[in-house]
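Please look over the sequence and the model before reading on.

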Amino acid sequence: MALVAGRKTFAAGKTLLLRAGVWLGAEAAARGGNGARRFVSQRVLVESDVTAGIATIKFKNPPVNSLSLEFLTEFIICLEKLENDKTYRGLILTSDCPGIFSAGLDLREMCGKNLAHYAEYWRAIQETWLKLYLSNMVLVAAINGASPAGGCLMALSSDYRVLADNPRYRIGLNETLLGIVAPFWFKDVLVNTIGHRAAEHALQLGLLFQPTEALQVGMVDQVVPEDQVQSTALSVMTEWLAIPDHARQLTKSMMRKATADNLIKQREADIQNFVSFVSRDSIQKSLQVYLEKLKQKKH
Ligand SMILES: CCCCC/C=C\CCCC/C=C/C(=O)SCCNC(=O)CCNC(=O)[C@H](O)C(C)(C)COP(=O)(O)OP(=O)(O)OC[C@H]1O[C@@H](n2cnc3c(N)ncnc32)[C@H](O)[C@@H]1OP(=O)(O)O
């Protein structure tokens, strides 16, 4: 199995160091006779059906699929590989961790680190979102677990969302509950999905919706029994892939470009905003208290 380490070039001429060992050769992946391929990487599992042109990315960053810098690095590389490989027209996003889609940003990346680290981290968050939001592939989120904040953003950036019908699987942008603020582009994506009034309400109160509420407000497109999430995602994908790619892709771009451009034109300022916000003593304190509460919950 090949081990690739190198530099990943990000937008704005910046680079993110691809840590040695995080990407374990996709090319060495098992290839079945039925057109199924499996890429192997440490935190991101990629299964694909070459014949159908559909790949499935399973987040595998236990215990809660937090969006750590290492996870994001692997994820971006996987996305790029799939995006550049014209075999794949559709991508299903789901989780390999039982009961958790993604706990969102990794709070440990935002606590007690230096300014350069915060900047690197935020650039990776931006990059992940831009790649997801502007993907030429059809993206279906098969949400098989809790999906707060950054986890919710990943789902919202897909073209279609299927959520498992389990009241423990709440989804929403809960940033205010942590004493932090969802950045404008998180807000824009939420507004595009559920409308301005509902987004204002949800954002100010940091609402986490149970499945039936999420369906009602339009945050997800379908709620299905837990054991039908993957099969539903697959049949939705088949429906979407019946549309000619060029027409669907141009339409997607027409709908999303302005929102993405809004960030692209002020990426550096957005990074500086994040760095100065998150490094404030009061914000550091809020995040630490929140992390401590999460830890104590168990005892
Ligand atoms: C005005 C200018 C503004 C500019 C921008 C400024 C600010 C930036 C805003 C950035 C936007 C932020 C987005 C985010 O995504 S913030 C993260 C929000 N996430 C959460 O609130 C989720 C917190 N986690 C949970 O609610 C639960 O863990 C759960 C996901 C529902 C799973 O519950 P359960 O299965 O019971 O697991 P535990 O709670 O026991 O957790 C297991 C261990 O995982 C640790 N953990 C959980 N979440 C995170 C996380 N997000 N990051 C890091 N670590 C996390 C938890 O502490 C446990 O650790 P332990 O085993 O060591 O105790």
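Alanine 149 has a relative accessible area of 13% and is therefore buried, a term that means under 20% relative accessible area, whereas exposed means over 50% and partly exposed lies in between (1.4 Å probe, protein chains only). This is a predicted model, in which local features need pLDDT of at least 70 and side-chain atom pairs count only at pLDDT 80 or more, while totals for chains, interfaces and linings use all residues. Residues are numbered from 1 along each chain as its sequence is written, and side-chain values use heavy atoms, with hydrogens and water left out.

Alanine 149 sits in the loop between strand S10 (145-148) and helix H3 (150-156); helices (H or I, at least four residues) and strands (E, at least two) are DSSP runs, numbered from the N terminus. Most residues other than glycine have a negative phi, and most peptide bonds are trans.

| Residue | Phi |
|---|---|
| Alanine 149 | near 50° |
| Asparagine 65 | near 55° |

Asparagine 65 lies in the loop between S6 and H1, and it counts as buried because its relative accessibility is 0%. Proline 63 is placed in the loop between strand S6 (54-59) and helix H1 (69-84), and the peptide bond that leads from proline 62 to proline 63 is cis, with omega near 10°.

Alanine 269 belongs to helix H9 (residues 267-278) and counts as partly exposed because its relative accessibility is 46%. The C-alpha atoms of alanine 269 and glutamate 127 are separated by 15 Å, and the two residues are 142 residues apart along the chain.
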